[in-house]
Number of protein chains: 2
Amino acid sequence: MPQGKVDPANIPDDGLTTKQRRLLPITAVHTGPGKGKSTAAFGMAMRAWNQGMKVGVFQFVKSAKWKVGEEAVFRRLGELEPGSVEWHKMGEGWSWAKKQGSDEDHAQDARDGWEEVKRRLMAEEHDFYVLDEFTYPIKWGWIDVDDVVETLRNRPGTQHVVITGRDADPKLIEVADLVTEMTKIKHPMDVGRKGQKGIEW
Amino acid sequence: MPQGKVDPANIPDDGLTTKQRRLLPITAVHTGPGKGKSTAAFGMAMRAWNQGMKVGVFQFVKSAKWKVGEEAVFRRLGELEPGSVEWHKMGEGWSWAKKQGSDEDHAQDARDGWEEVKRRLMAEEHDFYVLDEFTYPIKWGWIDVDDVVETLRNRPGTQHVVITGRDADPKLIEVADLVTEMTKIKHPMDVGRKGQKGIEW
């Protein structure tokens, strides 16, 4: 594992100390058609929680049935030390919204979610954000990618943001520090196998 | 998400019911040079734990310093319902071994680890195994890939196994049901940034 090793020729001329560079906010994108995009993001969130961070998960999907396992574990962790967890999903209407999610206007629900995330970023409400499947409302034109990019660039403090979903916009890739593409090499459903308990949910 | 949807032309002629096909053991491999291989495996293990499964994690690396966050969370979960967690690492000598890990013979330590995993698989001691960074001792010729493949093929019951690490042997890919490659598109350390608390550990 070469992690932590630094090529002396590659130390940035940014005037920061090593310690300061360890506290920079990271924007990560997990994209591509393979599995593991969200799962790896939740694994990172688990680690952040363990560091005492305030984790906020925002699921930008209407049906969240495949994330019940993660949600259950995080709700459990949220009750314990060291960190805290908030888990919000669009599927049932955002929890902070007074109204139920409007079945007829997913675009508006997605925009409401983004406005709330933006507000929290500006207020530094969390240390670690998972914007799960956030690439889709951007792809569908519901949320303006330039607004997302500008908000991410200008967010205060050291808040980390992880965005998941296929087909990440090139501007999102551009603004991100860490981009991983998950590629499907082989999938059991390709040969007609069913989703497995403990694997898919 | 097309998960759970079945192409009727693609239902296997295996004589199994849908329910039986939902209880098949899965062998998954997370490989490639990108991040998220282990993190996604631990995320799956978290889900398996939530399903009440007995999770066994086996870390086939000498230095495990980058997995302390996951280990801490899993130890925490291991004390709670619904599932159970055992976390074993080669780094300090396998916990079941009487002796400390031999600094001079990593190959033997890796083989000892595999023999124990094999024994547990035959005894069905866990429901969900993470063999973290297991591709490396195979790649280095310390563990015979044919033995691994045969053991995985012949394991009893419905035990799931997830293997992580770069450069997975083609025979491992062949025996796996689910293979995902993580590709690095962009990494902050490429531009001289340091590992971040809550991101790398």
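Visitor: What order do the strands of the open sheet have?

Guide: In this predicted model, the open sheet has 12 strands with mixed pairing. Their order is β3(A)-β2(A)-β4(A)-β5(A)-β1(A)-β6(A)-β6(B)-β1(B)-β5(B)-β4(B)-β2(B)-β3(B).

Visitor: Which strands stand at the edges?

Guide: Those are β3 (84-89) of chain A and β3 (84-89) of chain B. Each has a single partner strand, so one side of each is left without a neighbour in the sheet.

Visitor: Let's turn to the helices. Which strands does helix α2 of chain A lie across?

Guide: Helix α2 (residues 37-50) of chain A lies across β1 (27-31), β2 (54-59), β3, β4 (128-132), β5 (160-164) and β6 of chain A. Its direction runs at about 165° to β4(A). In chain B, helix α4 (residues 106-123) packs on the sheet, touching β2, β3, β4 and β5 of chain B. That helix makes about 165° with the direction of β4(B).

Visitor: Now the aromatic rings. How is a pair of them described?

Guide: By two values: the distance of the centres and the angle of the planes. Over all chains, this structure holds 18 aromatic pairs. Take F60(A) and W94(A), which form an edge-to-face pair, 5.2 Å centre to centre with 65° between the planes.

Visitor: Where in the chain do F60(A) and W94(A) lie?

Guide: F60(A) is in the loop between β2 and α3 (68-78) of chain A, and W94(A) is in the loop between β3 and α4 (106-123) of chain A. The pair links distant parts of the chain, 34 residues apart.

Visitor: Are these two residues buried or exposed?

Guide: F60(A) is buried, at a relative accessible area of 3%, and W94(A) is buried too, at 4%. F60(A) also forms a tilted pair with F134(A), at 4.7 Å centre to centre and 50° between the planes. F134(A) sits in the loop between β4 and α5 (135-139) of chain A, so this pair ties together parts that are 74 residues apart in sequence. F134(A) is buried, with a relative accessible area of 0%.

Visitor: Which residues do the ring pairs link into a cluster?

Guide: The cluster consists of F60(A), W94(A), W114(A) and F134(A), linked by ring pairs.

Note on methods: Residues are numbered from 1 along each chain as its sequence is written. Chains are lettered from A and ligands numbered from 1 in the order in which they are written. This is a predicted model: local features need pLDDT of at least 70, side-chain atom pairs count only at pLDDT 80 or more; totals for chains, interfaces and linings use all residues. Side-chain values use heavy atoms; hydrogens and water are left out. Two strands pair if DSSP finds at least two bridges between them. Helices (H or I, at least four residues) and strands (E, at least two) are DSSP runs, numbered from the N terminus. Contact means heavy atoms within 4.5 Å. Axes are lines fitted to C-alpha atoms, for helices over the stretch in contact, and angles run from 0 to 180 degrees between N-to-C directions. Rings of Phe, Tyr and Trp (its six-membered ring) pair if their centres lie within 6.5 Å; planes under 30 degrees apart count as stacked, over 60 as edge-to-face and the rest as tilted. Buried means under 20% relative accessible area, exposed over 50%, partly exposed in between (1.4 Å probe, protein chains only).
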